[in-house]
Amino acid sequence: MTSVTATKRSGPDDPHGGRSGRDGQGGQGGRPHRSWRPGPPGPPPRGKAYGDRAAWFLVLPALIPILILSVGPLLYGIALAFTDAQSGRTRSTQWIGTLNFQDLLHDTLFWDSFRIGLVWAVGVTVPQFLLALGLALLLNQNLRLRWLARALAIVPWAMPEVVVGIMWRLVYNPDAGILNETIRDLGLGDGRDWLTGLATALPAVILVGIWAGMPQTTVALLAGLQNTPRELHEAAALDGAGAWRRFRTVTWPAIKPIALAISALNLIWNFNSFALVYVLTSGGPGGRTRLPMLFAYEEAFRYGQFGYAAAMGCVMVAVISVLLALYLVGRLRGGEDR
């Protein structure tokens with residue numbers, strides 16, 4: 001009797017008395033043993049897809065002006081560089097391939113302007129950074145009326161370049177300029193015409209560029225200095241480190257990323273300068289201050305050589321792209337080292 005009852009309770013496929021699963025495999029507690037297999041990926045969540053579309057709609061108001069005002073003219077200028085486009089011509093513009101670039105390789109005036117542009121960019125960027133670093137270190141100290149000094153330090157940055165150029169032309173005026181008047185009052189001579197002298201025009205313009213761009217660099221470096229923990233300076237001072245050693249081991253490593261970034265941007269901006277030098281000298285005297293942007297402007301709007309000027313613009317874009325690539329590679333390598 002007992003054996004018959006046991007036989008009825010146990011299933012035909014389960015020798016242990018458990019129930020068999022749907023697939024014929026016995027499981028503990030009546031549950032079948034199944035191997036897990038990943039199924040096909042399902043559709044993305046409805047909320048995530050809607051969020052992506054909403055993000056694109058939020059970006060469009062900023063993206064459309066960039067495409068219209070920056071990307072579109074850039075592509076049009078690149079295409080124009082391969083044509084013989086000129087002003088005042090009745091016949092249609094012809095595609096001439098790389099002829100403009102071939103002429104550009106043998107144009108000594110352009111390469112002279114390119115050399116002047118490099119001298120200008122480096123001559124403005126390096127002193128600008130050193131003076132801005134010193135000013136930022138000074139403004140970071142606990143001085144009286146520090147708020148007023150900080151406000152006055154950014155005044156040149158708030159002024160348009162045209163206004164800065166007009167103001168400094170008055171300073172350099174050979175007859176009634178404050179610079180020549182000071183020289184005469186000190187008995188150092190009769191002064192000179194700074195902006196028309198072949199030897200003084202470029203240094204005079206570089207001085208104005210340093211003065212006009214220094215506040216921006218100062219503000220960036222000052223922000224980095226203020227984010228440096230004071231505890232590090234105090235610990236270095238307790239260890240007996242002097243001012244120079246604290247700057248070299250604490251301050252500089254903290255502001256180095258900012259310093260590299262602002263220096264690279266300043267170099268690119270200074271190489272592309274136009275308005276300030278145009279107001280001061282218009283590229284003279286004798287082309288001594290003719291930057292590449294000024295040379296391209298003259299070719300396009302004074303002589304009507306739009307295709308040739310566009311080729312110059314392409315060369316300058318290529319140079320700037322190389323500078324940006326070098327900067328980005330340096331930043332990436334620096335990030336990997338850290």
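## Overall architecture

From the N terminus on, the elements of this protein run α-α-α-α-α-α-α-α-α-α-α-α-α-α. That makes 14 helices and zero strands, where helices (H or I, at least four residues) and strands (E, at least two) are DSSP runs numbered from the N terminus. Please keep in mind that this is a predicted model: local features need pLDDT of at least 70, side-chain atom pairs count only at pLDDT 80 or more, and totals for chains, interfaces and linings use all residues. Residues are numbered from 1 along each chain as its sequence is written, and side-chain values use heavy atoms, with hydrogens and water left out.

Of the 338 residues in the protein, 31% are buried. Here buried means under 20% relative accessible area, exposed means over 50%, and partly exposed is in between (1.4 Å probe, protein chains only). The protein exposes about 22100 Å², of which carbon and sulfur atoms supply 64%; such areas come from the Shrake-Rupley method with a 1.4 Å probe, and for residues only the protein chains shown count as cover. Among contacts (heavy atoms within 4.5 Å) between residues at least 6 apart in sequence, 62% join residues at least 24 apart.

## The nonpolar cores

In soluble globular proteins, nonpolar side chains tend to be buried together. A nonpolar core is a set of buried Ala, Val, Leu, Ile, Met, Phe, Trp, Tyr and Cys residues joined through side-chain atoms within 4.5 Å. The largest one here has 34 residues, and Phe110, Trp120, Tyr172, Val208, Leu280 and Met312 touch the most other members. Helices H4 (108–139), H7 (161–171), H9 (201–226), H11 (243–271), H12 (275–280), H13 (292–301) and H14 (306–337) each give two or more residues to this core. The largest share, seven residues, comes from H9. Apart from this core lies another of 13 residues, including Leu133, Leu221, Phe247 and Ile255.

Leaving aside neighbours within four places in sequence, Tyr172 is in contact with Leu179, Asp193, Trp194, Leu195, Ala204, Leu207 and Val208.

Asn180 is found in helix H8 (residues 178–185) and counts as buried because its relative accessible area is 0%. Beyond its neighbours within four places in sequence, Asn180 is in contact with Asn173, Pro174, Gly191, Arg192 and Trp194. Asn180 and Trp194 are 14 residues apart in sequence and 9.3 Å apart in space, C-alpha to C-alpha.

Thr217 sits in helix H9, and this residue is also buried, with a relative accessible area of 0%. Its contacts, again leaving aside neighbours within four places in sequence, are Gln128, Phe129, Ala132, Ile262 and Asn266.

## A nonpolar patch on the surface

Now to the outside. Phe57, Leu60, Ile64, Ile66, Leu67, Ile68, Leu69, Val71, Leu74, Leu75, Ile78 and Val317 form a nonpolar surface patch with about 1100 Å² of accessible area together. Patches are made of residues with over 30% relative accessible area and no salt bridge; like charges are joined within 9 Å, and nonpolar side chains (Val, Leu, Ile, Met, Phe, Trp, Tyr) within 5 Å.

Helix H2 (residues 46–80) supplies the largest share of the patch, 11 residues. Leu69 is found in helix H2 and is exposed, with a relative accessible area of 65%.

## Salt bridges

Side chains of opposite charge can pair when their charged atoms come close. A search of the whole structure finds two salt bridges, each defined as a side-chain nitrogen of Lys or Arg within 4 Å of a carboxyl oxygen of Asp or Glu.

One joins the side chains of Arg184 and Glu181 (3.3 Å, N to O). Both lie in helix H8, three residues apart, about one turn of the helix. Arg184 is partly exposed, at 30% relative accessible area, and Glu181 is partly exposed at 33%. Arg290 forms a salt bridge with Glu298, the closest N and O atoms being 3.4 Å apart. Glu298 is buried, with a relative accessible area of 8%.

## The loop between H12 and H13

Most residues other than glycine have a negative phi, and most peptide bonds are trans. Ser282 lies in the loop between H12 and H13, and its phi is near 55°, a positive value in a residue other than glycine. Ser282 is partly exposed, with a relative accessible area of 36%.

Pro285 is found in the loop between H12 and H13 too. The peptide bond from Gly284 to Pro285 is cis, with omega near -5°.
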